[in-house]
Amino acid sequence: MYFLITLIIAPMICAGSAYSGSMFKTKERPSELYPSYVEQLPSLAGKKVAITGATRGLGYATALACARKGAEVILLSRRSEVAERALCAIQQEASSSGAPPPIFVECDLLDFAKTRKAASIVKDAVAGTGLDVLCCNAGIMLQEDLASKDGFDITISTNVLSHFLLTKELMPELEKAAKRSGEARVVNMSSGSGFGKPEFNPLYFSRRGGNLGGAKASYDRYHQSKLSNLCFTSALDDRLRAKGSNVKAMACTPGVCGTDMFLHATTVMGGAPAKRDTVPSAEDGSLSQLKCIADPDVESGDLWGPRMGMGGLPAKMDLSPPNVLVNDKVKDILWQLCEDAVGEQFEI
């Protein structure tokens, strides 16, 4: 199995220097809340947590915390030197906490076939117990107007469509874990950029990547993707509740924080990267995601994020108008568009 091979080679990678969770060496603000917040989280021992985009930024901080709390972490990311360094650091954290060694699964969210292959590997890895948490963390922002392997906009494919596909493929494993332990969770990372207008626009889910407004519409594409993360969470919650499932669906936002995405976005908007130490750390930005993964009091359909959008402890927000422009019609349209895009029905 691919994941077993990864576990064998990881110790050889670990001889390198410490990894910070960023591709950049710019100074980051020291984490103010993350250490104590992670400390008070309940144990995740015995749980299997799969995280997309777990090798940088919010995903890396989340994966590190889950390993620290005893979870078996499954990293779904593209293979790279950065991914190897992240795997090494998470393995060291797991070893220190007594958690199982992490599993790396190569996953390219710009290619549905590779996303399906990654899901298949995860299924094999969790076959005995099921999957306790699927954390759909990976995302891109303010990208060029380009097509994915399957012809869709790269922002929509990465942020929405491939996560819809992963959730569909891994739902049987989530149900298996829920039956075993009483619950399982799907956690969708969104953004405050998904709040408010404009309303959901199906145009962005058509197979016309590379012809969706060019550079001037890069934020529109991002907004639509983050609004769709919230609408998908609400739609998934509806379907799970209707079935009487013990799988929960919840969403979170990080607020502005010093990730590589922050440096990219400020470069696109201002011509040069802003200083990372002017905003909360990526670790502090991960708190809402960690709450959704581990807090026993979080409910299906919840949305959590920093209240003012710039640091602070997680607060519950409204996943409803006017904060989030979602309704039953939008949820049904989005679900159908995602099914059409991936070429398969997703029956709960």
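Mentor: On the α3 side, the residues that meet α10 are Leu58, Thr62, Ala65 and Cys66, and they face Gln289, Leu290 and Ile293 of α10, where contact means heavy atoms within 4.5 Å. By class, this contact has five nonpolar, two polar and no charged residues; here Ala, Val, Leu, Ile, Met, Phe, Trp, Tyr, Cys and Pro count as nonpolar, Asp, Glu, Lys and Arg as charged, and the others, Gly among them, as polar. Please keep in mind that this is a predicted model, in which local features need pLDDT of at least 70 and side-chain atom pairs count only at pLDDT 80 or more, while totals for chains, interfaces and linings use all residues. Residues are numbered from 1 along each chain as its sequence is written, and side-chain values use heavy atoms, with hydrogens and water left out.

As for geometry, two packed helices are described by the angle between their axes and the distance between the axes. Helix α3 (residues 57-68) packs with helix α10 (residues 287-294) at an angle of about 45°, and their axes are 9 Å apart; the axes are lines fitted to C-alpha atoms, for helices over the stretch in contact, and angles run from 0 to 180 degrees between N-to-C directions. That angle makes α3 oblique to α10, since angles under 35 degrees count as roughly parallel, over 145 as roughly antiparallel, 65 to 115 as roughly perpendicular and the rest as oblique. The crossing of α3 with α10 is right-handed, that is, the near helix is turned clockwise from the far one by less than a right angle. Helices (H or I, at least four residues) and strands (E, at least two) are DSSP runs, numbered from the N terminus.

Helix α5 (residues 112-125) and helix α6 (residues 154-181) pack at an angle of about 35° with their axes 10 Å apart, and their crossing is right-handed. The residues in contact include Phe112, Arg116 and Lys123 of α5 together with Leu161, Glu169 and Glu173 of α6, and the whole set divides into seven nonpolar, three polar and four charged.

Because Asp132 lies in the loop between α5 and β4 (133-136) while Arg180 is in helix α6, the pair ties together parts that are 48 residues apart in sequence. A salt bridge is a side-chain nitrogen of Lys or Arg within 4 Å of a carboxyl oxygen of Asp or Glu, and by this rule the count comes to 21.

Turning to the sheet, eight strands form an open, mixed arrangement in the order β3-β2-β1-β4-β5-β6-β7-β8, where two strands pair if DSSP finds at least two bridges between them. The edge strands, each pairing on one side only, are β3 (103-106) and β8 (314-317), and the twist averages 20° from one strand to the next. Strands β1 (residues 48-52) and β2 (residues 72-77) pair in the parallel sense over five bridges, with Val73 of β2 as the bridge partner of Val49. Helix α7 (residues 218-243) packs on the sheet, touching β5 (184-189), β6 (247-252) and β7 (303-306), and its direction makes about 160° with that of β6.
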